[in-house]
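Me: I have a model open and would like to go through it with you. Shall we begin with one residue and then widen the view?

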Amino acid sequence: MSSCSEEKNTEITKYTHREPKEFNKFRAFFQWLTCSVVYGGYYKVACGLKIYGRENVPKDKFFIVASNHMSAIDPFLVIAAVKRPIAYMAKKELFEKPIARFFLDLLGAFAVNREKLGVSTIKTALGIKKTDWVLGLFPQGTREVDGNMDNIARGFAGIAKTMKCDILPVSITGALKKDRKPFGSNSKIIIRIGKPIPYNDDTREMVKIWSDKIIRLSQGEVDV
């Protein structure tokens with residue numbers, strides 16, 4: 001049992017540090033095909049997916065995409081909305097199953113320990129900055145189906161401070177499984193993209209600004 005556990009941990013460790021060359025055109029194309037064409041296309045037709053604020057997405061610079069987290073489809077929808085290849089930080093537990101690990105690898109995700117960000121996470125993020133990709137994460141860590149904004153880790157603000165990059169706030173509403181009724185008249189998924197949050201030395205302030213923006217975006221404001 002111990003041997004199997006060690007072997008699994010060794011396998012997962014391979015995905016905690018990714019080299020810049022791994023964020024290539026092939027993975028960008030696979031991500032676009034999966035998220036924009038398949039997921040984006042389906043939910044646009046089936047659940048009335050609407051996207052607002054695309055003009056707020058920086059075109060030629062690196063940034064961190066930070067959105068609220070309500071469902072398993074959130075990363076796919078955010079990628080479809082932002083229209084930039086996004087390297088998502090995914091909890092290491094998702095890499096335990098071979099099929100999921102293979103799929104996440106193709107999508108350009110990398111494994112992280114939610115309890116403590118390791119050196120490999122920072123190195124991977126710094127490597128992404130050298131590419132055309134941007135970094136994606138969920139500050140709430142786990143899904144908050146009730147819209148709670150209290151469980152926010154400050155790690156994303158620390159990464160922004162270290163990497164000297166802006167944070168792009170993205171709000172998702174209507175994506176809960178119970179609300180996603182394909183082809184139902186009341187089913188509507190809405191993604192709103194706010195204006196980038198400049199990094200500064202006060203991580204608490206960055207977290208508060210992000211939280212306030214997500215709340216306002218979720219309530220329907222778009223110019224925030």
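Me: Where is the place of Lys83?

Reply: This is a predicted model. In it, Lys83 belongs to the loop between helix H3 and strand E3, the latter covering 86-91.

Me: Is Lys83 buried or exposed?

Reply: Lys83 is exposed, because its relative accessibility is 60% and the threshold for that class is over 50%.

Me: And what is phi of Lys83 near?

Reply: Phi of Lys83 is near 60°, which is a positive value in a residue other than glycine.

Me: Which other residue has a positive phi although it is not a glycine?

Reply: Lys164 is one of them, with a phi of about 55°. Lys164 sits in the loop between helix H6 (155-163) and strand E6. It is an exposed residue too, with 55% relative accessibility.

Me: Back to Lys83. Which residues line the second largest pocket?

Reply: Lys83 is among them, together with Ser36, Gly40, Gly41, Lys44, Leu49, Lys50, Ile51, Tyr52, Gly53, Arg54 and Ala80. Two elements give two or more residues to this lining, namely helix H2 (25-47) and strand E1. H2 supplies the largest share, 4 residues.

Me: How much space lies in the second largest pocket?

Reply: The volume of the second largest pocket is about 210 Å³.

Me: Let us turn to the sheet. In what order do its strands come?

Reply: The sheet is open and has 7 strands in the order E1-E7-E6-E2-E5-E3-E4, with mixed pairing. E1 (50-52) and E4 (110-112) are the edge strands, each pairing on one side only. On average, neighbouring strands are turned by 25° against each other, direction ignored.

Me: Which helix packs on the sheet, touching E2, E6 and E7?

Reply: That is helix H7, residues 203-218, whose direction makes about 35° with that of E6.

Me: In which sense do E2 and E6 pair?

Reply: Strand E2, residues 63-67, and E6 pair in the parallel sense over 5 bridges. Within this pairing, Phe63 stands opposite Asp166.

Me: What about E6 and E7, parallel or antiparallel?

Reply: E6 and E7 (residues 190-193) run antiparallel and are joined by 4 bridges.

Me: Now to what follows E2. Where is His69?

Reply: His69 is in the loop that links E2 to helix H3 (74-82). His69 has a relative accessible area of 9%, and because buried means under 20%, that residue falls in the buried class.

Me: Which side chain has a polar contact with that of His69?

Reply: The side chain of Asp74 does, and the polar contact is 2.8 Å.

Me: A change of topic: where is Gly127 found, and how far is it from Glu19 in space?

Reply: Gly127 is part of helix H5, residues 119-128. From C-alpha to C-alpha, Gly127 and Glu19 are 6.3 Å apart, although 108 residues separate them in sequence. Gly127 is also buried, at a relative accessible area of 5%.

Me: Finally, the whole chain. How many helices and strands are there?

Reply: The protein chain has 7 helices and 7 strands. Along the sequence they follow the pattern α-α-β-β-α-β-α-β-α-β-α-β-β-α.

Me: What percentage of the residues is buried?

Reply: Of the 224 residues in the protein chain, 48% are buried.

Me: And what share of the contacts comes from residues 24 or more positions apart?

Reply: Such residues account for 76% of the contacts in the protein chain with a separation of 6 or more.

Note on methods. Residues are numbered from 1 along each chain as its sequence is written. This is a predicted model: local features need pLDDT of at least 70, side-chain atom pairs count only at pLDDT 80 or more; totals for chains, interfaces and linings use all residues. Side-chain values use heavy atoms; hydrogens and water are left out. Two strands pair if DSSP finds at least two bridges between them. Buried means under 20% relative accessible area, exposed over 50%, partly exposed in between (1.4 Å probe, protein chains only). A polar contact is a pair of N or O atoms within 3.5 Å; within protein, one must be able to donate a hydrogen and the other to accept it, and residues adjacent in sequence count only if both atoms are side-chain atoms. Axes are lines fitted to C-alpha atoms, for helices over the stretch in contact, and angles run from 0 to 180 degrees between N-to-C directions. Contact means heavy atoms within 4.5 Å. On a 1 Å grid over the protein atoms alone, a cavity is a set of points where a 1.4 Å probe fits but cannot get out, and a pocket is an open set with protein on both sides within 12 Å along at least five of seven lines; lining residues have an atom within 4 Å of a point. Grid points are joined across faces, edges and corners, and a volume is the space filled by probe spheres set on the points.
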